[in-house]
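Please look over the sequence and the model before reading on.

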Amino acid sequence: MVHNKETESEARIYGCARIGSSVLTHCVCIGFTVFMAVMSWPGSSLFSWHPFFMTLAFSLLMTEAILIFSRHGSPIRKCLHKTKVRLHWILQSLALCCALLGLAAIFYNKHLNGKAHFTSWHGLLGLITVCVVSVQSVAALPLIYHSLAKGWSLAKLKRYHAASGLVTYLLGSISLCLGLCSTWFTTSVRDYSWYLSALCPALSALAVMNQVSSAYMAKKRLQSC
Ligand code: HEM
């Protein structure tokens, strides 16, 4: 009896912690995107569109597209899986468009100013990230149109998609953090705001890693039963 009550309260504490951390992740990715929009003030210059579109793509749209499948933190937890999948690819397509617009803005801005391209770690990894996101988006098509990948089981395709999606997301988070190290950002914020800003993509990446790896472990456990 006492043991039952203990496990019940433990489950309640874990449940509250999970809901709390999911709410925190949503707040972090929305708050960080709003903060970056205020900092860059899109439209104030050609450059301003770069941090704005990139944060919108990687901090908001891509994070929310993944959190849709979270068991505890999905805002549409009770909807059909089909609905979640549809919203996932709509958000991911929007993220890809924003990432391409962000890349075009910085590329054209540098071209106008006669500066060399892809010379920093941020610029180089950023370019790789946008290329990987484009490949990941095209490679996801067989998940919707299965006839495009004959001979591949849907389960295998989903596993590869989740694993490569996680890598893509982490690349995006690292590129975001490297962007925060740029002179433009470090001279625009004070010390503590810089640390708080860098914490945002790091926290979101932890939440996404936890979600994807737990789903993978749960499937593995089911297969071995
Ligand atoms: C995942 C998100 C991001 C990606 C994929 C990305 C990608 C890139 C790329 C490819 C370039 C080089 C363009 C060229 O050389 O023609 C670049 C430059 C730049 N980005 Fe980002 N960026 C991202 C986020 C950010 C953020 C959030 C900021 C600001 C806080 C930022 C600030 C800059 C600055 C100042 C430059 C010019 C200096 C340089 O080349 O390093 N970026 N970015």
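Helices (H or I, at least four residues) and strands (E, at least two) are DSSP runs, numbered from the N terminus. On that basis the elements of the chain run α-α-α-α-α-α-α-α from the N terminus on, that is, eight helices and zero strands. The model is predicted.

**Overall fold**
- The C-alpha trace of the chain spans about 70 × 50 × 25 Å along its principal axes.
- The chain has 225 residues, of which 25% are buried.
- Among contacts in the chain with a separation of 6 or more, 71% come from residues 24 or more positions apart.

**Nonpolar core**
- The largest nonpolar core holds 30 residues, and Phe53, Ala57, Leu61 and Met62 have the most contacts inside it.
- At least two residues of this core come from each of helix H1 (2–40), H2, H3, H6 and helix H8 (191–224).
- H2 provides the largest share of this core, 13 residues.
- Apart from its neighbours within four places in sequence, Phe53 is in contact with Cys98, Leu101, Gly102 and Ala105.

**Ligand surroundings**
- There are 26 residues around the ligand, and Met54, Ser120, Gly123, Gly126 and Gly179 come nearest.
- At least two residues of the shell around the ligand are supplied by each of helix H2 (49–67), helix H3 (81–112), helix H4 (121–139), helix H6 (154–180) and helix H7 (183–186).
- H4 gives the most to this shell around the ligand, with six residues.
- By class, the shell around the ligand consists of 13 nonpolar, twelve polar and one charged residues.

Methods:
Residues numbered from 1 in each chain as written. Predicted model: local features only at pLDDT ≥ 70, side-chain atom pairs only at ≥ 80, totals over all residues. Near = placed C-beta within 6 Å. Nonpolar A, V, L, I, M, F, W, Y, C, P; charged D, E, K, R; others polar. Buried ≥ 20, exposed ≤ 12 C-beta atoms within 10 Å, placed from the backbone. Contact = placed C-beta atoms within 7 Å. Core = buried A, V, L, I, M, F, W, Y, C linked by C-beta atoms within 7 Å.
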